[in-house]
Amino acid sequence: MDGSLDGKTAVVTGAGSGIGKAAARMLAENGVRVGLFDMDTSALEQTAAEIAKAGGSAMAVKVDVTDSSQLKQGYRQVLDAFGRLDIVFANAGINGMLSPIEHLSDEDWDKTLGTNAKGTFLTVKFAIPHMKERGGSIIITSSINGNRTFSGFGMSAYSASKAAQTAFGKMAALELSAYRIRVNIVCPGGIETNIDERTKKDEEHLAEITIPKIFPEGQHPLKGRPGKPEDVASIVCFLASDASGHMSGSVLYADGAETLL
Ligand SMILES: NC(=O)c1ccc[n+]([C@@H]2O[C@H](COP(=O)([O-])OP(=O)(O)OC[C@H]3O[C@@H](n4cnc5c(N)ncnc54)[C@H](O)[C@@H]3O)[C@@H](O)[C@H]2O)c1
């Protein structure tokens, strides 16, 4: 990085694991003070400890991004501790239940859309009062699913939530330009994180709707393997920094060209 991140303050949601954790660590390495939001307290503490050990500055706050009052309170704590807010990485998300539409319950639909789409809306909404005077950068984690890929069988709710995040991010980019707040969207392909362990699958019915896709060696064309959380984190650092100062409303794919197959 060119040092333009140094001295800034960020909030990262989903900071206890995977992409959020890698981004929080990399931002901290670049001199950013980081508010870590996640529902998982012990994972949060682990991220905070790793950042402190590496000489960075972070504070862990238990926040469920679907809960307005927890988010408001979380931002308040970060502002009280660090005094300003320059960067928000709206990243917390779940795959939720993978199921054919016919068998997907409305509760499972609500859970996925509630976490990914509404959670992003609330994360952005409650950041605005703290960013509108000075401007800043908001980055949203969407996905290849719902944007370039529509063959994640059983992922209709997830893909809808990810398309919603992209549309919302572009609306926000235009609306918040009045405050010099930039909003950009990153769409990862397959990244090695803990998300699959938390994914529920209606295996019996999924078999009924799955169309075989045969990917030989080329499934991950660029490196022959899925990405690492750090492959997304470095893009987040770029989007957070002044190096991307003329970018807003952009969608960046971090997928090793897998969606071009
Ligand atoms: N891993 C991939 O292949 C991949 C690909 C494309 C997009 N994504 C997106 O990246 C983002 C991060 O996923 P990841 O792969 O790092 O997953 P992960 O499961 O490793 O980490 C997600 C973190 O978010 C937290 N979280 C979940 N719901 C929350 C809530 N309501 N409030 C606060 N925290 C919550 C979890 O506790 C967890 O620590 C998600 O939005 C996901 O959709 C991931």
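The lining of the largest cavity is made up of three nonpolar, one polar and three charged residues, where Ala, Val, Leu, Ile, Met, Phe, Trp, Tyr, Cys and Pro count as nonpolar, Asp, Glu, Lys and Arg as charged, and the others, Gly among them, as polar. Please keep in mind that this is a predicted model, in which local features need pLDDT of at least 70, side-chain atom pairs count only at pLDDT 80 or more, and totals for chains, interfaces and linings use all residues. Residues are numbered from 1 along each chain as its sequence is written, and side-chain values use heavy atoms, with hydrogens and water left out.

**Cavity**

- The structure holds one cavity of 30 Å³ or more; a cavity is a set of points, on a 1 Å grid over the protein atoms alone, where a 1.4 Å probe fits but cannot get out.
- The volume of the largest cavity is about 40 Å³, a volume being the space filled by probe spheres set on the points, with grid points joined across faces, edges and corners.
- Arg 25, Ala 28, Glu 29, Glu 50, Ile 51, Ala 54 and Gly 56 line the largest cavity; lining residues have an atom within 4 Å of a point.
- Two or more residues of this lining come from each of α1 and α2 (41–53), and α1 gives the most, with three residues. Helices (H or I, at least four residues) and strands (E, at least two) are DSSP runs, numbered from the N terminus.

**Second largest pocket**

- About 230 Å³ of space lies in the second largest pocket; a pocket is an open set with protein on both sides within 12 Å along at least five of seven lines.
- Its lining has 16 residues, with Arg 134, Gly 135, Gly 136, Arg 180 and Arg 182 nearest the centre.
- β6 (136–141) and β7 (181–188) are the elements that give two or more residues to this lining.
- Three nonpolar, six polar and seven charged residues form the lining of the second largest pocket.

**Ligand**

- There are 28 residues around the ligand, and Ser 17, Asp 38, Tyr 158, Thr 193 and Arg 198 come nearest; a residue is near a molecule if one of its heavy atoms lies within 4 Å of it.
- By class, this shell has ten nonpolar, 14 polar and four charged residues.
- Oxygen atoms of the ligand lie 2.6 Å from a side-chain N or O atom of Ser 17, 2.8 Å from a backbone N or O atom of Asn 91 and 2.7 Å from a polar side-chain atom of Arg 198.
- The protein buries 95% of the 840 Å² that the ligand exposes when taken alone (accessible areas by the Shrake-Rupley method with a 1.4 Å probe).
- α1 (18–29) and α6 (156–176) are the elements that give two or more residues to the shell around the ligand.

Conventions:
Polar contact = N/O pair within 3.5 Å; in protein donor to acceptor, adjacent residues only side chain to side chain.
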